[in-house]
Amino acid sequence: PLGGDDYFQEVSAEFLNKNSRRGNLKDSENVLAFIKGTEKPDEIVVISAHLDHEGIKNGVIYNGADDDGSGSMAILEIAEAFQKAAKAGKGPKRSVLFLHVTGEEKGLLGSKYYTENPVFPLTNTVCDLNIDMIGRVDKAHTLDSNYVYLIGADKLSTELHDLSEAMNTKYTNIELDYTYNDEKDPNRFYYRSDHYNFAKYNVPIIFYFNGTHDDYHQHTDTPDKINYDLLQNRARLVFHTAWEISNRDKRLVVDKP
């Protein structure tokens, strides 16, 4: 079973040692875009997703349309909306960092690198809204696809959880499923995407996720299977949540260890 920082450190070390012997190591880069806040520029709201997938295996391309093309594209749309507002002189008050990371599939390497070498201090980082798979429907929701799994919203900040719920009620009306937020859930998804590297430094996070499906980590995860209406509405939820956080008077309060 996957989960926990110690696990990922072991996997990352094993991967690096094995591939350095084989000469298979490759350079990779995180990709960052930044909009400076108008009133509180030193406080940073991070919106993240990962760029990498499984690559090419036995000559077959693993497209990763849902994992995590859906999150990567959602960030671009959200960034465009923020930039239009900024150019119109209407915010955001706090700075927003749009963070595309790589190496997630190899042990959260890109987000681990960023949080260990942050461009902006983690003490000034208000939250991380992490998008990892929001373009599909899992088997538990075939009868009602208007849902998204939320993980971690209440782990560090009660205020973030309440704000997220309020934004959904006001703008998107998605069923917010907290099944995987349970600490006893055996999947341990809370520890398995890039938000975790922020959470372990006491940065409040939300992980947006549609659950796994038959194409998860398969070459059949292709763009024609994305439900673009669902992707759009889920991305709107992230946008409205980020917009509220970046423009509210006070910074989110961390009230849980």
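**Legends to the views of the predicted model**

**View 1. Surface and overall dimensions of the chain.** The model shown is predicted. The chain contains 6 helices and 9 strands. Its C-alpha atoms fill a box of roughly 50 × 45 × 40 Å along the principal axes. A compact globule of 257 residues would have a radius of gyration near 18 Å, and the chain agrees with this, since its value is 18 Å. Buried residues make up 51% of the 257 residues. Of the contacts between residues at least 6 apart in sequence, 84% join residues at least 24 apart. The mean positions of the 29 positive and 41 negative charges lie 3 Å from each other.

**View 2. The largest nonpolar core, with I131 among its members.** This core holds 36 residues, of which I47, F82, F98, I131, Y208 and I245 touch the most other members. At least two core residues come from each of β2 (40-50), α2 (65-87), β5 (94-101), β6 (125-131), β7 (147-151), α4, β9 (205-209) and α6 (228-247). Helix α6 supplies the largest share, 7 residues. Beyond its neighbours within four places in sequence, I131 is in contact with I47, S48, A49, D68, G71, A74, I75, I78, Y208 and V238. Another core, of 24 residues, lies apart from the largest one; V46, Y149, Y180 and Y196 are among its members.

View 3. F207 is a residue of strand β9. Because its relative accessibility is 2%, and buried means under 20%, F207 counts as buried. The C-alpha atoms of F207 and I151 are 5.0 Å apart in space, although 56 residues separate F207 from I151 in sequence. When residues up to four places away in sequence are not counted, F207 touches N130, D132, Y149, L150, I151, F189, S193 and H195.

View 4. S164 belongs to helix α4, which spans residues 158-172. The relative accessible area of S164 is 0%, so this residue is buried.

**View 5. Two cis peptide bonds.** D67 and D68 are joined by a cis peptide bond with omega of about 5°. D68 is located in helix α2, and D68 is also one of the contacts of I131. A cis peptide bond also joins G91 and P92, again with omega of about 5°. P92 is placed in the loop between α2 and β5.

View 6. L108, a residue other than glycine, has a positive phi near 60°. The loop between β5 and α3 (109-116) contains L108. With a relative accessible area of 2%, L108 is buried. N173 is likewise not a glycine, and its phi is positive at about 55°. N173 is found in the loop between α4 and β8 (175-177). The relative accessibility of N173 is 53%; because exposed means over 50%, N173 counts as exposed.

Definitions and conventions:
Residues are numbered from 1 along each chain as its sequence is written. This is a predicted model: local features need pLDDT of at least 70, side-chain atom pairs count only at pLDDT 80 or more; totals for chains, interfaces and linings use all residues. Side-chain values use heavy atoms; hydrogens and water are left out. Helices (H or I, at least four residues) and strands (E, at least two) are DSSP runs, numbered from the N terminus. Buried means under 20% relative accessible area, exposed over 50%, partly exposed in between (1.4 Å probe, protein chains only). The radius of gyration is taken over C-alpha atoms; the globule rule is 2.2 Å times the number of residues to the power 0.38. Contact means heavy atoms within 4.5 Å. Lys and Arg count as positive and Asp and Glu as negative; His and the chain ends are not counted. The place of a charge is taken as NZ of Lys, CZ of Arg, CG of Asp or CD of Glu. A nonpolar core is a set of buried Ala, Val, Leu, Ile, Met, Phe, Trp, Tyr and Cys residues joined through side-chain atoms within 4.5 Å.
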